[in-house]
Amino acid sequence: MSTRLPITVKSPTKGAQSRSLRQPHQPAGRTPTLPYFACRGASTRQRGVALVMVLTIVVLVAVASVAFFAAISLERQSSAAYANSGEARLAADSAVNLVMGQIREATEQTNSVWTSQPGLLRTFSAGGTPGDVYKLYSSSSLRMSASSFNPANDVPTGWASNSAAYVDLNRPTSSRSGGITRLTYPILDPRASGKVEGFDISNWSHNGTNSLPMPVAWMYVAKNGNLTTWDNLDPDNPPIARIAFWTDDETSKININTASEGNFWDIPRTSMGMQTWDAGVRGAKSCYNLAISQPAQREYQSYPGHPATTSLSPVLWKYFKAASPSMTRHNNGTSGSFPETLYAMLPRTSGNGSMGGTVPLNITHVALPAKTQRLFSSVDELAFLPPTSGNSTADRVANPLFPRDTIEETRFFLTAYNRAPELNLFNLPRVTIW
């Protein structure tokens, strides 16, 4: 059903009478009407709305398409990054497996003994003749005879200019905190030279930028999975990754969970006629002094053969002395000495008692308390003093004797976790009874 609209048109002449328009097919006397399709204003508006709707849909489709392609590109990048991380992880695992194979081959030989050190394993015959050397760092030759082994031949003089063949694993990283630039060495901090007993670097000076280089060879992983060095790369078998590694020996370090500061004590067997107690000179105690200054119960650092008799002073003494100039290295019967200060920090070693044989035994002596603090999980925990209460989750206070620099410099010599073989160098059980 259509609607017809009456239309009245005025004459453009001023004062003229209005007249009606009549469609040709309408009789005279009826008001003329126009059909629906003749409403051109409404049709124009509808076409404008349709155009806006079409443009909106086109824009939405374009935005959705761009978002879709962006998501595909991001997904592709994520997949590529994951694949690259997987390849890097496999390359790192290959280094670990290579070292494990070296250790297994060196330690499972019959009629031979072996010794370990950081970065190296040595084998010896039953008669003591040097056998082979097994390198635990990346090199062009991982195994060679002891007679031909010379560490200086592993890396040429101009290795630093050939970054494709060699890399420095001990290259320090710098960080700035509190206006101070600090250098952190990944393996060995050369600033410990002269502070740790037995560690010294000849012809070396530290000016804040030099480092103690530890160069090793890059080992390239070829496309077919073989390992090779830079000099032996094959253009038909291109490399897809490269690895460089150096293996530390935790059993060569001092364990901060078991070691402390050992004190000599033994069962007195003879009398030398000395009838008065005298602390005297350390190491020159008479049997009389050993009798009257016996260790208290749980004074493990004075039990012959106990792991607590292993001393930490070769590594820590000079650092403690620098932080506390009035501290004495040996026990002098006071709580301010190096041993007693150290015992208070350790999780299982108690101080006091005979204080290293400087306090005579009397009826007032009681057993030392059994310390039940949890063991250190890493060397970094030395930066905090042990909790004052039995709650290991209590707020930890910074240890003034172990600032950050001290921990970084002694990290190479200390460990919180190590395992040693149950047999000694002569394949005999390593058992000590005390």
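Here is a quick tour of a few spots in this structure. Keep in mind that the model is a predicted one. We'll stop at a nonpolar patch made by Phe-68, Phe-69 and Ile-72, then at Met-144 in strand β8, and finish with an open sheet of three strands.

- If you want to find Ile-72, look in helix α1, which spans residues 40-107.
- Ile-72 has a relative accessible area of 40%, so it counts as partly exposed.

**Around Met-144**

- Met-144 sits in strand β8, a stretch covering residues 143-145.
- Setting aside neighbours within four places in sequence, Met-144 touches Asp-132, Val-133, Lys-135 and Phe-149.
- Tyr-134 is 10 residues from Met-144 in sequence, and their C-alpha atoms are 6.9 Å apart in space.

**The three-stranded sheet**

- This sheet is open, its strands pair in antiparallel fashion, and their order is β14-β13-β15.
- On the edges you'll find β14 (227-228) and β15 (239-243), each of which pairs on one side only.
- Strand β13 takes in residues 219-222, and four bridges join it to β15, with the two running antiparallel.
- To see where β15 lines up with its partner, pick out Val-221, whose bridge partner in β15 is Ala-241.

How values were computed
Residues are numbered from 1 along each chain as its sequence is written. This is a predicted model: local features need pLDDT of at least 70, side-chain atom pairs count only at pLDDT 80 or more; totals for chains, interfaces and linings use all residues. Side-chain values use heavy atoms; hydrogens and water are left out. Patches are made of residues with over 30% relative accessible area and no salt bridge: like charges are joined within 9 Å, nonpolar side chains (Val, Leu, Ile, Met, Phe, Trp, Tyr) within 5 Å. Accessible areas come from the Shrake-Rupley method with a 1.4 Å probe; for residues, only the protein chains shown count as cover. A salt bridge is a side-chain nitrogen of Lys or Arg within 4 Å of a carboxyl oxygen of Asp or Glu. Buried means under 20% relative accessible area, exposed over 50%, partly exposed in between (1.4 Å probe, protein chains only). Contact means heavy atoms within 4.5 Å. Two strands pair if DSSP finds at least two bridges between them.
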